[in-house]
Amino acid sequence: MLLTIRNTQAPADELGWLLHKHPEKVQSFEVSFGQVHVFYPEVSEAACTAAMLLDIDPVRLVRGGSEQAEGLLAQYVNDRPYAASSFMSVAIAQVLRSALTGQAKARPELVDKPLALTAALPVLACRGGEGLLRALFEPLGYEVRAEPLPSADEDAAWGRTPYFAVELRRTAPLRELLTHLYVLIPVLDDDKHYYIGDDEVDKLLRFGEGWLAGHPEREAIARRYLKHRASLTRRALERLAEGEADAAAEEAALASRDRAEEALERPLSLDEERMRAVTEVLVDSGAAQVLDLGCGSGKLLARLLKLRQFTRLVGVDVAHTVLERAAQRLHLEDMSERTRDRVTLLHGSLVYRDARLDGFDAAAAVEVIEHVEPSRLASFERALFAGARPRVVVITTPNAEYNAKFAELAAGQLRHADHRFEWTRAEFATWASAVGERHGYAVELRPVGPVDPELGAPTQMGVFRR
Amino acid sequence: MTALVIPELAVVAMIGASGSGKTTFARKHFKPTEVLSSDFCRGLVSDDENDQQATGDAFDLLFTIARKRLDRRLLTVIDATNVKTEARKSVLALAREKHAMPVAIVLDVPTKVCLERSQQRSDRSLGAPLIRQQCSLLRQSLRELKREGFRYVYVLRGEEIEAATIERARLWSDRREDRGPFDIIGDIHGCFDELVALLGRLGYAIEGEGEALRVTHPQGRRPIFLGDLVDRGPKIVEVLRLVMDMVAAGAALCVPGNHEMKLHRYLRGSDVKPNHGFAETAAQLAAAPPEFGRRVERFIDSLVSHYTLDGERLVVAHAGLKESLQGRASGAVRQFALFGETTGETDEFGLPVRHDWAREYRGRAIVVYGHTPVPVAEWLNRTICVDTGCVYGGALTALRYPELEVVAEPARRVYCESVKPLQPPPERSAQQEHDALLDLADLLGKRNLSTRLRPSLTISAEHSAAALEVMSRFAVDPRWLIYLPPTMSPSETSQREGLLEHPAEALAYYREAGVGAVVCEQKHMGSRAVMIVGRSPGALARRFGAQTAAHGVIYSRTGRPFFADAALEAALLERVASSATQIDLWGELDTDWLCLDCEILPWSAKAQALLREQYAPTGAAGEAGLQASVAALRAAAERGTEVAGLLAAHERRLEDVRKYRQAYRRYCWPVQGPGDYKIAPFHLLASEGRVHVDRDHVWHMETLARLCAPAPEMLLATPYRVVDTEDEEGCAAVIAWWEELTAAGGEGMVVKPFDFVAKGPKGLMQPAIKCRGPEYLRIIYGPEYTAPEHLGRLRARGLGSKRSLAIREFALGLEALERFVRREPLRRVHECVFAVLALESEPVDPRL
């Protein structure tokens, strides 16, 4: 992994004084992830280039101390030894410390002297593309040259790589260039190698002094620099803006990447609408004991828990981690014993018979069936309608016809990556009435959300009663 | 005096006042763990054996322990005074609840003696009034005990107490040493002609005529009659005579049916309604001599409600017996065995609605029963009803045991019209119908599985939970999931220069374990797949109970559909099926389906995301980054800077990255349609009735090579070599072959013991060991792993957990297949594949 910094302002070799590294020597430094070498490929009155070469030890990355290595870092095949990343920032901070912090004992006058600088990064991952690269550096006065790293023909099938060969030109003190690189390389790479704690906020603010507060992309910078940790990001932004930020807007911007479906439906506040409709059916049914099948993080349970009609609520989900989130959302641990007794979370599956789900008045499966493989739908049906057999069952699922109204969705695309199917109103009606007939339930279908005269409502709801 | 006979499964109440010597008596005759003392429990809960306030809690504890013991069918002695009716009532209720025999042993010791003993005791003194009261209560109780419900009552006095001995008796139903072979015959109802024909069909020799028939079997087989010999049919007396003669001669066993019980009441002189076909019995018996009636009465009297046979592997009862009642004795057990479990309701034909205990049956023993006429005898959860309604014009059916074959003799005619019409046989079997929905209770929590290859395998609750998510969200229909492949360990790490793996270590593993011949197979670099392929979609649906439009299913090693595109999957399967038809593998193996272990190529087809996110970008970044580094170092070198060492190292790194890019590209090619895929089957795991683990790997290789031959454009026969691990030259040749394969870019080879299942001194051996080539390993250990400074550290890797996992998964996978071919309930198959998935969530170095 290489960074070169070229100065073309005569006398160009002043760069060596600033970097504290002798132009005729190779100097090597041990760092936690390997070695850093600094040397000069070019030295003259007119132009001087310093190179910082990171020799990352790939075996140590995987095996070295930190047990929590995850994702790509846990793999020997990964781009970390080759692409500029947070490792580069660490090297800048350790090996070029005095230049970064603006100290030059021998030639202090050079610290604030603008030089004609070009920083070159032969491989920089720009997650967010060239657009983000320019949006980050151009407001700071850089002339940006970026060449996407071509895929070899043999690898064309695997799409474009995220890498660019980047050159950044600006006449400015070296200290500023290094500061910007220090902060913005990891922001572009968007995959920091170390654990992010609270002190990272201070670090960001310290290195961002004088330029970050006014930077148009400050939100993206803070978010990515802090590894998308929402609470840290919010704290950083608050401190940056000193209270003037629109908290709600930021909250929305922070919605995690896999919430695409929610984002799609949010303008309709469809989620809220669905919860209200399902709750209404449950309340009207007079049910006291209710199952929330596929309860996810417990939104419906939280709502039902507020109503005293419901004396026993059981949330079931197949994903263990999601149940932990539900327990947090419901504050299960801190509940009074009386409330605690009303709600239970069960790890279970909707395609297996589960006697623990017998004997309930009602069951809700909100936006669940579309996550079941069509080949397992018969099991879902038998487990619920022949096995558990609650008096009332409420099922909601997307209305595929309505997808035409979502401009963001390509034709035939589903609203969520995990949806196995999305039904038209006719398809849902056929399924629902067949289920009703087989198991002795009367079926009523209702739209949820704004009804389009042609396409119907975005969500369809089936209420089954016996 | 004679010994006190106590059934093996009993609740024994010691009855006697304080100081009567109960504890001493119990200690003398029973194991310490069999005796539950109320005093001791009082001490446990309160630190004071005399604390009468703790009595309630003490008995709670005592009964809790007693229940746990009785659940395990262990004899339990209640050492308490038991002089009060109330106290004995709870003992009797406990015996009833657990279907154990209630036994009373009374120590009737004079009050004076009790008082003396009590005074001598230093640890406890209850006081004279209380002891006097106990003695008087005891005497009042003596005559009540039988009436209260104790089945055995022993009252001991004076010398008898010291002289008493105890003899433990088997339950009447316990015939576990009787191992058969048997022919278990369903409800006969006087169909004598069919019975004689059926016995003939089963190979019995029938000699004599008229009243004196002698029935014997050349192989010593014996019939077991499941009751309901009488009523409705034409030749009730003949049937009774034959059965009674055989039972008397020890040539048959018989359990009673509800119709026999009614006849018994009649013979004892009770008033009996002539309905349900009893009129025929009454009329036919009236024609027989009176002596015959008395014989029948004695015969029915002697019958035991059910039998447990063959090491408790077989249970026979007229109406079946659920697991919780097996090997026990009580009125409820007898009632169930005779009438089954009814809900108390009646159906539209006025017949009692039966609770279908067989649906919930999870027992280990096979249960064979009759009572309810069914169209055909079929298995459900290891139970089978063999009453096929002969008297209604159906058939008389026998189950051969231990062969488990069903033999049926059609009725000569309809002797009696059934109230409820016999249903035609359904399309799906009862088991398949039942298996359409599996029960979570059979899968979740900490599980212990017993497999043929490994008797005990534990799956933690945590791993089961992980498997549930994968199974529910991603797996194919469980009915197809009859096998999941085990993980495979690499060979011991090689110390050879530049290498991590080498065949020498794989060969050495088997040599040291005492395996002579091994089979070395070329390892294809694709994705592991399990293929169920069938002669026709219809045949598959009949056998697997799941519908498919294709000639089978292909799934990944974690049970997910291998292809997202159903048409593509169908096309590949169709080709394999037609290949099997061309060489008539169906006929050769007498099967409609095959289960194959395969590798499907190219790797890139399934590894798209991996290539896009990880392999290709790393290659691109590596080559570009190192090129730039080399250029900068060259420039510095030209200036005279001392960078020679760095430059050389980076040039070598660049070379390594280029080799790495070559390595993964070899396993990638574009796929548009079925013609672009290659399938390399390497195990023919199972076909109808047989798991082919008793055939060696050469059989697998040769049979599969024949399967591949008609479709060389798609099916790859795997090149292999057989070598003796002791033969140095042979081993050298195999190593040379490996070098040749890997030099040409191959992944490497897999070494397997000649026999599919190999056991050594330490038990089950690794079923296969892979040795991967040095270039292939770049995509596992990183582009530059061959640098000496990296390789040295990478050699430190432990194979222990991987190997333990491989063996456990191997045992489970084969167990799933064995259970499937034996037509066991799906849950028994599913729990094995579920366990393989659960084990896969154990953390193991993913690079091994």
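This is a predicted model: local features need pLDDT of at least 70, side-chain atom pairs count only at pLDDT 80 or more; totals for chains, interfaces and linings use all residues.

1. Residues are numbered from 1 along each chain as its sequence is written, and chains are lettered from A and ligands numbered from 1 in the order in which they are written.

2. On confidence: pLDDT is the predictor's confidence in each residue, from 0 to 100. Chain B has a mean pLDDT of 90, and 97% of its residues reach 70 or more. For the complex, the predictor gives an ipTM of 0.83 and a pTM of 0.79.

3. Chain A is split into domain 1 (2-195) and domain 2 (262-465); domain bounds here come from an automatic or database domain assignment. Taken over C-alpha atoms, the centres of domain 1 of chain A and domain 2 of chain A are separated by 51 Å. A pair of residues to look at is Glu280(A) and Leu181(A), which are 99 residues apart in sequence and 56 Å apart in space, C-alpha to C-alpha. Glu280(A) sits in helix 12 (residues 270-284) of chain A.

4. I call a residue buried if 20 or more other C-beta atoms lie within 10 Å of its own, exposed if 12 or fewer, and partly exposed in between, with C-beta atoms placed from the backbone. Of the 466 residues in chain A, 42% are buried. Glu280(A) counts as exposed, because it has 12 C-beta neighbours inside 10 Å.

5. Contact means that the C-beta atoms of two residues, placed from the backbone, lie within 7 Å. Within chain A, take the contacts between residues at least 6 apart in sequence: 69% of them join residues at least 24 apart.

6. Now the interface. By the contact rule, 49 residues of chain B are in contact with 54 residues of chain A. On the chain B side, helix 17 (461-474), helix 23 (608-638), helix 24 (644-665), helix 27 (778-781) and helix 28 (788-794) each supply at least two residues. Helix 23 of chain B gives the most, with 19 residues. The residues on the side of chain B that touches chain A divide into 28 nonpolar, ten polar and eleven charged.

7. Have a look at helix 26 (residues 728-743) of chain B. Which of its residues are buried? They are Cys731(B), Val734(B), Trp738(B) and Thr742(B). These cover an arc of only 70° around the axis, so they end up on the same side of helix 26 of chain B; the arc is that of the directions from the helix axis to the C-beta atoms. They pack against helix 18 (503-512), strand 27 (517-523), strand 33 (720-724), strand 34 (748-753) and strand 37 (769-772) of chain B. The face turned away from the buried side carries the exposed residues Glu729(B), Ala732(B), Ala736(B), Glu740(B) and Ala743(B). After helix 26 of chain B comes Gly745(B), with a positive phi near 95°.

8. Two cis peptide bonds to check. One runs from Ala10(A) to Pro11(A), with omega near -5°, and Pro11(A) lies in the loop between strand 1 (2-7) and helix 1 (14-19) of chain A. Another joins Gly180(B) and Pro181(B), with omega about 0°.

9. Last, backbone angles. Asp231(B) is not a glycine, yet has a positive phi of about 70°. Asp231(B) is buried, with 26 other C-beta atoms within 10 Å. Arg382(B), also a residue other than glycine, has a positive phi near 65°; Arg382(B) is buried, with 20 other C-beta atoms within 10 Å.

Technical notes
Helices (H or I, at least four residues) and strands (E, at least two) are DSSP runs, numbered from the N terminus. Ala, Val, Leu, Ile, Met, Phe, Trp, Tyr, Cys and Pro count as nonpolar, Asp, Glu, Lys and Arg as charged, and the others, Gly among them, as polar.
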